[in-house]
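Here is a walk through one protein structure, step by step. Keep the sequence and the 3D view at hand as you read.

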Amino acid sequence: MKILLKNALIFSIVKKPFKGDLLIEGGKIQQIAQSIKATKGADVIDLEGKYLFPGFIDAHSHIGLYPEGLGNTESEGNEMTDPVTAHLFALDAFYPDDTAIRKALSGGVTTAFVVMGSANPVGGQGFIAKFKKGTAAEMCIVNPEGVKMAFGENPKRVYSEKKTMPTTRMGTAAVVRSFLLKSRDYMKKKELANKEGKEFTETDPKYEVGEKLLKRELVARIHAHRADDILTAIRISEEFNLKFVIEHCTEGYKVADLLAEKKVPVVAGPLLTFATKLELRDMTMESLSILVQKGVLVALMCDHPVIPLEFATVQAAAAMRYGMKEEELLKMLTINPAKILGLSERLGSIEPGKDADLVVWSAHPFDMKAVVEKVFIDGDIVYQK
């Protein structure tokens, strides 16, 4: 099926906005030009006066794990029974009928990294979802994408109540280290069995995940707010040569030079919210501009349901009050999270060959009066106002 979008103001993210046409075929962006002639069989949609953007991407979300309107009894975000639950899959708890998904589409968000919460030092494996209709498996495009880890107050609070380790920051660090050391030993046992031509019969799903982390086949997605927790996360990641991303990074602006020097990617936020705990007391919107000025690769998260995904553009627009430029914020919602998720060849910008995940806005999305009129995912219309 061919769809020709005509006369839109196209924000490709990688080039300056321009008025033109876009051809969708086979779920991909086939052509972009100032004018494209309609061919036989093409469905033509005139977008005169409309704004065309790539679908926005949130690289850290709990949507579908805390379904809207179902209360705490249906919350699936944390398995608070063991500090190490690396073998969990967020996909197994995802609720595809969460009403928040349609609302996210109404805010222009088409893709999210869905991950469990931060109760456990090693929480489990997240996945990437596109918000098209269907089952959890049909929405999933990458599983697993990364392994959730957490430093700071959350693991301390959860396990202090249970009166078991970890109850301190050093305890949390020790739990993570111990998991990685045991994973290393597990790898050696497997290698020895293989070398000796023996069957390996001690398969442990937790350490299978640890092995993938140590082999850099999976990315550690590390929850850390305070500067000292960020530095601990970096120190342990370097100790074990992990690929890693810092999530939240609330006080990252205090160590921005180091983050830039070490080329640490950051998924920042949520920043348009109340400081609900001690480690958030120095939270500031100005952190984004500091990180960007230093050269850090930054994506902006809502941490849904902390900020509902439908308000991703509201949070981004608010950051302009604190020194952020429009073009940098748009990258934080599109190409930057695509890079962090390893999907920049498919998503994050409007370019030929990329997935036709496109959003038609009535005005610029940072205008509070702007509304989403149509959303395409893989060339199919999944939302219409």
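Which residues lie nearest the centre of the largest cavity? They are P54, G55, G348, D355 and D357, from a lining of 14 residues. Keep in mind that this is a predicted model. The largest cavity holds about 60 Å³ of space. Its lining has 6 nonpolar, 5 polar and 3 charged residues.

The search for cavities of 30 Å³ or more gives a count of 2. The second largest cavity has a volume of about 30 Å³. Its lining is made of F56, I57, D58, V109, L300, L309, A312 and L333. Strand β6, residues 56-61, gives the most to this lining, with 3 residues. By class, the lining of the second largest cavity has 7 nonpolar residues, no polar ones and 1 charged residue.

F56 leads on to the aromatic rings. It belongs to one aromatic cluster together with F11, Y51, F53 and W361. The structure as a whole holds 8 aromatic pairs. Take F11 and Y51. Their ring centres are 5.8 Å apart and their planes stand at 20 degrees, so this pair is stacked. F11 sits in the loop between β1 (2-10) and β2 (18-25), while Y51 is in strand β5 (residues 51-54), so the pair ties together parts that are 40 residues apart in sequence. Is each of these two residues buried or partly exposed? F11 is buried, with a relative accessible area of 9%. Y51 counts as partly exposed, at 24% relative accessibility.

A second pair is formed by Y186 and Y207. Here the ring centres are 5.9 Å apart and the planes are at 45 degrees, so the pair is tilted. Y186 lies in helix α4 (residues 169-195) and Y207 in helix α5 (residues 205-214), so 21 residues separate them, and the pair links distant parts of the chain. Both Y186 and Y207 are buried.

Now turn to the charged side chains. How many salt bridges does a search of the whole structure find? The count is 28. One of them joins K6 and D21, with an N to O distance of 2.4 Å. K6 is in strand β1 and D21 in strand β2, so the pair ties together parts 15 residues apart in sequence. D21 counts as buried, at 1% relative accessibility.

K189 and E202 meet at 3.6 Å, N to O. K189 is in helix α4, E202 in the loop between α4 and α5, and the pair links these distant parts of the chain, 13 residues apart. Both ends are partly exposed: E202 at 47% relative accessibility, K189 at 48%.

E211 and K215 form a further salt bridge, at 2.8 Å, N to O. E211 counts as buried, at 9% relative accessibility. K215 counts as partly exposed, at 41%.

Some bridges join up. K28, K130, K132, R346, D355, D357 and D378 are linked in a network of salt bridges.

The structure holds 0 disulfides. Why does C302 form none? Its sulfur is 17 Å from the closest cysteine sulfur, in C249, and that is too far for a bond. C302 counts as buried, at 1% relative accessibility. C140 is buried too, with a relative accessible area of 17%.

Definitions and conventions: Residues numbered from 1 in each chain as written. Predicted model: local features only at pLDDT ≥ 70, side-chain atom pairs only at ≥ 80, totals over all residues. Heavy atoms only, no water. Disulfide = S-S within 2.5 Å. Buried < 20%, exposed > 50% of the residue type's maximum accessible area, 1.4 Å probe, protein only. Phe/Tyr/Trp six-rings, centres within 6.5 Å; stacked < 30°, edge-to-face > 60°. Helix = DSSP H or I, 4+ residues; strand = E, 2+ residues; numbered from the N terminus. 1 Å grid on protein atoms, 1.4 Å probe; cavity = no way out; pocket = protein on both sides within 12 Å on 5 of 7 lines; lining within 4 Å. Points joined across faces, edges and corners; volume = space filled by probe spheres on them. Nonpolar A, V, L, I, M, F, W, Y, C, P; charged D, E, K, R; others polar. Salt bridge = Lys/Arg side-chain N within 4 Å of Asp/Glu carboxyl O.
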